[in-house]
Amino acid sequence: MQPVVVLDCFTVEPSGLGVPPYLSTYVRNAWSALRRARPEADVRYLTIDDVRWCLAGGKPAVEPPQSDPLTYSTTVNRDTAIQLLRDAEIVVVIAGDAVPSVHLHAVNGSFEEIARALACTRGRRYLLGPLSTYAVAGPAQYAGLFDAVHTHTVTSGDLHLGSHRPAAYAQMQHERDSFTGLVEQMPWRPIAELELYRGCTRRRFCDFCNEPAKSPLVAFREVDDVVAEAAQLYSAGVRNFRLGQQTCFFSYRNRDEEAIRALLGGIREHCPELEVLHIDNADPLAVAAPVGLRIAKLVADYCTEGNCAPMGIESFDPAVIDRNTLTCTPEILMRAVEHVNEAGAARGPGGLPLLLPGLNLIYGLPGETHGTHVANLRGLANILDAGLLCHRTNVRLARAFPGTPLAALGELDPLPSAEHFPSWKADIDFAWDQPMKERVYPTGLRVPGLHSYFIGQGGTWWRRLGSYSIQIVERDTAVPLGTTGDLMVTGHAPRMIYGEHVASAS
């Protein structure tokens, strides 16, 4: 029996994350399509880390006990990865970064690595994920690499043909079966990314965002469909979920409070022993509305603690906001931050706030001046001075995604951030990120239920699974990965929390 293979080279988008332990919608979609198209076949799940492991002769790139980001997420198939690729009738590659990303424990598959992996194959090769958009926009670079390209989804019916538009949710629901065989090939505890809808509910779209280019029309999933998929994943052993593959959780079903209550309650009912239920992505315009406060309270009530609602102010500079159709003003953001704090700043039994806002800032957008950075620092200082809490802040440079208005501008003259981004990011780290971490995770805070997941030169990293989960570094230690324990916060640095292992409470 010839195998068929899903090769996960990891994905990152503004609306979703597909880097282990996150189990992306793309991987599950490909798994279901292959099972439906080849019901008799042996469907195998590989990661790019498996391929690296084999090509390196079955050795990590760093000396143990340090963790190797290049081979961290190997599967049960790592020792036979090359053989599986060689024997496979079909290989579906999942790949692509729609936004820049850096991970402590992972390195996304590069174009060169993907080409090298496919050089081992003899069967048909298909591409799914954000990289597909680049392949369609620049076909010459990808010529001969793939037999078909799928930009959004893949089904058993269009597997061999390629597709440039998403399949209907009803069709995808029909194709889904069991995820047990998929989850069993992952040595880690996955957190499943669940999609609620496609497209953006705003009337005017941000110029840099890929979601309107990816899905111009909004299409919502039915509550029962989402709950049923969560139940299938739960039956396969998944206990961690994030409602994150959409532009704004709060805008599900056009900010339908009762639909959101039914969604969260349904997942709780069908997954009674879940460990994590978090959200991702929140439009500050929706969160700042009166219904936004009520939805935030639903999230705090139904979800697990340590949750985060990341919101894109993108820039506090009025000129950048206007030039890029960002629509969210500093005043709207402040009201949204206040709503999330009112609903979720209380701490849960594990010591973490129930729900806090996250902030996204983007440098390198048209209209940027040196004054943009000053405006950003002032805007963050206003939130800090108001005594509010924020879970995390993501600061990045803009990337022009094919099909967006930003990409249509072509090559722009260098903006100030091209030279100053590292120092500007450091300003935010010291003036905002560290003081906020000291407020949210004060020295002496005891955080139970952590597990060690990475060993680096600085020590052992501990975390809980979740949406932008808390990470605490125990310095100068090499604790075996997967060890569970409680840590007490002992200090802070920009973008870092330090702690010491303490005996578990009886």
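Guide: Asp-177 has a relative accessible area of 41%, so it is partly exposed (buried is under 20%, exposed over 50%, and partly exposed in between, with a 1.4 Å probe and protein chains only). The model is predicted: local features need pLDDT of at least 70, side-chain atom pairs count only at pLDDT 80 or more, and totals for chains, interfaces and linings use all residues. Residues are numbered from 1 along each chain as its sequence is written, and side-chain values use heavy atoms, leaving out hydrogens and water.

The partner of Asp-177 is Arg-35, and the closest N and O atoms of this salt bridge are 2.9 Å apart (a side-chain nitrogen of Lys or Arg within 4 Å of a carboxyl oxygen of Asp or Glu). Distant parts of the chain are linked here: Arg-35 belongs to helix 1 (residues 25–37), whereas Asp-177 sits in the loop between helix 7 (169–175) and helix 8 (180–183), 142 residues apart (helices are DSSP runs of H or I, at least four residues; strands of E, at least two). Arg-35 is also partly exposed, at 31% relative accessibility.

A second salt bridge joins Asp-87 and Arg-122, with 3.5 Å between the closest N and O atoms. Because Asp-87 lies in helix 3 (residues 81–87) and Arg-122 in the loop between helix 4 (111–118) and strand 6 (124–128), the pair ties together parts 35 residues apart in sequence. Asp-87 is partly exposed at 27%, whereas Arg-122 is exposed at 64%.

Arg-28, Arg-176, Arg-221, Asp-225 and Glu-229 form a network of salt bridges. The whole structure contains 25 salt bridges.
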